[in-house]
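Got a new structure on the screen and wondering where to start? Let's take a look at it with a few questions and answers.

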Amino acid sequence: MRRVRIIGIGPGHPDQVTVEAVRAMNEVDYFLVPDKTDGHAGTGELLRAREEICRRHLSSPRPIVTVPDPERDRDDPADYRKAVEDWHEARAAAFEQAMAAHPGDVGFLVWGDPSLYDSTIRVVERVLARGRLAFDYDVVPGVSSLHLLAARHRLVLNDIGTSLTVATGRRLPAEAAAGADNLVVMLDGALRCAALPSPSSWWIWWGANLGSPHESLAAGRLDRVLDEILRVRAETRNASGWVMDTYLMRRLPR
Ligand SMILES: C[S@@+](CC[C@H](N)C(=O)[O-])C[C@H]1O[C@@H](n2cnc3c(N)ncnc32)[C@H](O)[C@@H]1O
């Protein structure tokens, strides 16, 4: 049976790829990589990070088949879920076409861990559901950016006996208003923590471009450290050509 491997490759550094992921990478015939042609800043650099991981860990080179990524409505569409589902379906059709044209076992190199804010598992399931191709697929876990954030700040993500909320920047204001007091925030291009009411009641542990040569960290009470984060974030973007950041927010005891 044909195999599809969805392989978590960690947040960018070749040392953070697991032994299991290396084995899976060496077992596939080629990699399928969505080609984001939307001019998204940093796409080239992230592709180069993937190429470096392949160079370090493949015993012999594998072809990389790029698949044009369908357009997605990024402007907060009225029906967000429907817009994402349409995009997943268009992606599934593109993957199906590429897999039909290229026989053999396929590897998807997923940034971080495939279970967190990544659509590859859902899209591969859609390819199967479309019924044209038959294959087995599995998922190889990766080090997520939230794990690397915790390690760099030497953090336990949950406070003793409390819960951890993982949210997007878009959801942060609503989660905080609903009483969440220990949150990891991802996918926050707008650094929405800056607009939270009473910033002096939060501690933040922040990290950008973790695992890359321009990794940067900051931590402190939100009102005191925000300017530093904004400055370092801009410097990191200038130095790397891209910036991706993740942070833990914890409400301080009154
Ligand atoms: C589409 S999500 C993918 C998350 C990924 N699956 C993971 O497990 O880390 C992209 C978000 O992950 C976070 N992220 C990914 N790589 C990162 C890195 N090297 N440093 C800091 N944050 C990162 C950022 O919050 C970014 O907006």
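Q: At what angle do helix 3 and helix 4 pack?
A: Keep in mind that this is a predicted model. Helix 4 covers residues 120-130, and its axis lies 8 Å from the axis of helix 3. The angle between the two helices is about 65°.

Q: Are helix 3 and helix 4 roughly parallel or roughly perpendicular to each other?
A: Angles from 65 to 115 degrees count as roughly perpendicular, and this pair packs at about 65°. Helix 3 and helix 4 are therefore roughly perpendicular.

Q: Which residues of helix 4 make the contact with helix 3?
A: Helix 3 brings Glu-85, His-88, Glu-89, Arg-91, Ala-92, Ala-93, Phe-95 and Glu-96. By class, the contact has five nonpolar, one polar and seven charged residues. On the helix 4 side, the residues are Arg-122, Val-123, Arg-126, Val-127 and Arg-130.

Q: Which residues are linked in a network of salt bridges?
A: Side chains of opposite charge can pair when their charged atoms come close. Here, such pairs join up into a network of salt bridges. Its members are Glu-89, Glu-96, Arg-126, Arg-130 and Arg-132.

Q: How many residues apart are Asp-15 and Arg-56?
A: Asp-15 and Arg-56 form a salt bridge, with their closest N and O atoms 2.5 Å apart. The pair links distant parts of the chain: Asp-15 is in the loop between strand 1 and helix 1, while Arg-56 is in helix 2.

Q: Is Asp-15 buried or exposed?
A: Exposed means over 50% relative accessible area. Asp-15 has 53% relative accessibility, so Asp-15 counts as exposed.

Q: What separates Asp-86 and Lys-82 in helix 3?
A: These two form a salt bridge, their closest N and O atoms being 2.9 Å apart. Asp-86 is partly exposed at 41%, and Lys-82 is partly exposed at 42%. Because they are four residues apart in helix 3, the separation is about one helical turn.

Q: How many salt bridges does a search of the whole structure find?
A: Another one of them pairs Arg-171 with Glu-175, whose closest N and O atoms are 3.3 Å apart. For the whole structure, the search finds 17.

Definitions and conventions:
Residues numbered from 1 in each chain as written. Predicted model: local features only at pLDDT ≥ 70, side-chain atom pairs only at ≥ 80, totals over all residues. Heavy atoms only, no water. Salt bridge = Lys/Arg side-chain N within 4 Å of Asp/Glu carboxyl O. Buried < 20%, exposed > 50% of the residue type's maximum accessible area, 1.4 Å probe, protein only. Axes fitted to C-alpha atoms, helices over the stretch in contact; angles between N-to-C directions. Parallel < 35°, antiparallel > 145°, perpendicular 65-115°, else oblique. Contact = heavy atoms within 4.5 Å. Nonpolar A, V, L, I, M, F, W, Y, C, P; charged D, E, K, R; others polar.
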